[in-house]
Amino acid sequence: MNKILLFNPQSANAKYRIPNSILSIAASVDGKYDWVIVDGNRETDPLAKMMSYLDRGDFKYVGFTVMPGPQVKQAIPFSKAIKEKHPGVYMIWGGYFPASHFKVILNSGYVDFVVNGPGDHAFPSLVDALENNTPYELIKNIIYKTGDSVVKTLKEDLFEQDPLPPLPYDKLHGFYPIDKYLGKTYLGERTLAYHSSIGCPFTCSFCAVVPIFEARWKGKSARLIYNDIKYIKDRWGADAIEFHDNNFFVSEKRTVEFANLIYPEKMNWWGMARIDTMSKFKDASLARMREAGCRIIFFGAESGNNNILKQLDKGGTQTGDQIADFAERMRKFDIIPEYSFVLGTPAPTPEEVEAQIDFEIDFIRKIKRINPKTEIVLYTYSPVPTEGSELYNSVLEAGFEYPKKLEDWISPRWESFDLRKNPLTPWLTPAMIDKIRNFETVLNGCYPTVTDIRMNSFKRNAIKLVSGIRYKVNIYKYPYEIKLLQRLWKYRQPEIQGF
Ligand code: B12
Ligand code: SF4
């Protein structure tokens, strides 16, 4: 039986996390096929490592997980090199990047299949079909080319999460010691990355989760989450948890059940949520979450402007007032809200685009007055192709184009687009981008993020002092002195380096 090589391209320079995406694919074939894993974060020469496996001749399937941004940088040249040297292997990509950009990927000629959404069933079925030379055309969640046409098979319904095979942590440990995946963060000395649910019940038009999951969500039970975490705590000493779910807090009941189970373990935790969903949580639930270690929660606040929230199709019931009220409520419970905002959405005239930016800056300042502990994460709006949405159409009408060749994605221009730093959107002038970036520099100077654990109190106070005057008088232009300190002390921005 042929073997499977699974690759997690490098995604971070430090703070490696358990590669949950590729590990869940390993779980889907574990016990049935022999597999190996190569983690680009943990190898000095990952391509050489992969070639050393492939040169043996018994590997026929290569699976790459690819999210936009840095992972593309290894995924593209490595796939090409592998296909050139070993044309007989099947190259299969999965993850958010291929799900959004499958045409350009399949047209490259060196990727054979894209798995579109969850691969837990699609991947083993595809390997079975290829191995046994049986048809794969009816397998759900795959995309491939026949002749010149790209074929997308039907989407699979979201499945229950508890019956999925457990992640093969012990086997991963055989390749890369798990201890090194448990990094020091604001939450603890040995932080575990855990993924407890798939999808999201909402349909924000800028979000890549929507076209894949179509407003559906399924979570593991609180008991199963607890058992997994307890195992890693007991075996490798995890003392804190980052929940990587798109939306961990969809169910108040599950959250409270989990809080009750984890309470005696004394672990800090973090996750992502929606403001409107969590606004409905009872006081008792929020208090219990805090007692049980929930220290900080990430929320896509997006905008304080109700019209923009509508334009972004934020769904649900979120409003500017609610964002502000909720920041106040979180203060009472001593849970830090981490609010992300998206600046630079399209508007009919440049004056209106500028006015929108000014409005958001004022709104963010207001949030900081209400709850100074609120962490602010700023993104510039980068269109994600959610075909058919109003915003998508307006983006195309405004002259936006995606790369036509796969290799173009590794150009510096598109790399910074992926990082949502350089949106390449025609309605944003360089002066507007500067305004956003300068405000961000001063804001980060005045309120350095608590998540940067390398910033000691001396550095914090010094940078606050320098930035405080600018912030107070509302002048953000040319903040070179703050940038210098941030560069000198390697200030860590959650926007760029991930949470
Ligand atoms: C962990 C994570 C990171 C980590 C990297 C982790 C690692 N591998 O080392 C870090 C923090 C570095 C990171 C960074 C970024 N990330 Co990130 N990240 C995530 C996160 C939270 C979890 C990924 C995960 O583990 N999922 C768990 C697995 C089980 O789910 P999955 O990946 O969907 O995998 C399933 C399928 O996709 C498929 N599949 C996946 N891979 C493969 C491979 C094969 C072969 C097959 C067959 C199938 C398959 O099957 C899997 C099982 O069903 C996701 C959101 C999310 N909840 O998924 C965002 C997410 C992927 N990230 C995203 C982005 C944009 C980024 C950034 C590029 C930008 C940013 N500013 O955040 C940065 C890059 C910055 C940098 N310098 O690295 C976006 C992608 C959106 C898009 N436009 O496509 C997401 C979806 C978040 C979001 N909602 O916006 N990220
Ligand atoms: S709530 Fe968050 S994860 Fe869900 S669709 Fe909106 S942006 Fe995406």
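Q: Is Lys266 buried or exposed?
A: This is a predicted model, in which local features need pLDDT of at least 70, side-chain atom pairs count only at pLDDT 80 or more, and totals for chains, interfaces and linings use all residues. Residues are numbered from 1 along each chain as its sequence is written, while chains are lettered from A and ligands numbered from 1 in the order in which they are written. A residue is buried if 20 or more other C-beta atoms, placed from the backbone, lie within 10 Å of its own, exposed if 12 or fewer, and partly exposed in between. Lys266 has 12 C-beta neighbours inside 10 Å, so Lys266 counts as exposed.

Q: What distance separates the C-alpha atoms of Lys266 and Gly293?
A: Lys266 sits in the loop between helix H10 (252-262) and strand S12 (268-273); helices (H or I, at least four residues) and strands (E, at least two) are DSSP runs, numbered from the N terminus. Along the chain, Lys266 and Gly293 are 27 residues apart, and the separation of their C-alpha atoms is 6.6 Å.

Q: Which residues of H15 are buried?
A: Helix H15 covers residues 350-370, and its 21 residues should span 30 Å at 1.5 Å a residue, which agrees with the 31 Å between its end C-alpha atoms. The expected span is 1.5 Å times one less than the number of residues. The buried residues of H15 are Gln356, Ile357, Glu360, Ile361, Ile364 and Ile367.

Q: Why do the buried residues of H15 line one face of the helix, and within what arc do they fall?
A: An α-helix has 3.6 residues a turn, so residues three or four places apart point the same way. The arc is taken from the directions from the helix axis to the C-beta atoms. The buried residues of H15 line one face because, seen down the axis, they fall within an arc of 135°.

Q: Which exposed residues does H15 carry on the face turned away from its buried side?
A: The buried residues of H15 pack against helix H13 (306-311), helix H14 (320-333), strand S14 (336-343), strand S15 (375-380) and H18. The face turned away from that buried side carries the exposed residues Glu351, Glu352, Asp358, Asp362 and Arg369.

Q: Is Asp334 buried or exposed?
A: Asp334 is found in the loop between H14 and S14. Its phi is near 60°, a positive value in a residue other than glycine. With 12 C-beta neighbours inside 10 Å, Asp334 counts as exposed.

Q: Is Glu302 buried or exposed?
A: Phi of Glu302 is also positive, near 70°, and the residue is not glycine. Glu302 belongs to strand S13 (residues 294-302). With 25 other C-beta atoms within 10 Å, Glu302 is buried.

Q: Which elements give two or more residues to the side of domain 1 that touches domain 2?
A: The domain assignment gives domain 1 (3-152) and domain 2 (186-428), with bounds that come from an automatic or database domain assignment. The contact takes 16 residues from domain 1 and 18 residues from domain 2; two residues are in contact if their C-beta atoms, placed from the backbone, lie within 7 Å. On the domain 1 side, the elements giving two or more residues are helix H3 (70-85), helix H4 (96-100) and helix H5 (102-107).

Q: How many residues of the side of domain 1 that touches domain 2 are nonpolar?
A: Ala, Val, Leu, Ile, Met, Phe, Trp, Tyr, Cys and Pro count as nonpolar, Asp, Glu, Lys and Arg as charged, and the others, Gly among them, as polar. On this side of domain 1, five residues are polar and two are charged, and the number of nonpolar residues is nine.

Q: Which elements are included in what covers the buried residues of H3?
A: H3 has 16 residues and reaches 24 Å from its first C-alpha to its last, close to the 22 Å expected. Its buried residues are Gln71, Val72, Gln74, Ala75, Ile76, Phe78, Ser79 and Ile82. What covers them includes helix H2 (46-54), strand S3 (59-65), strand S4 (90-94) and H4.

Q: Which residues surround ligand 2?
A: The shell divides into six nonpolar, four polar and one charged residue. A residue is near the ligand if its C-beta atom, placed from the backbone, lies within 6 Å of it. Ligand 2 is surrounded by Cys200, Phe202, Thr203, Cys204, Cys207, Val209, Val210, Asn246, Asn247, Arg274 and Gly300.
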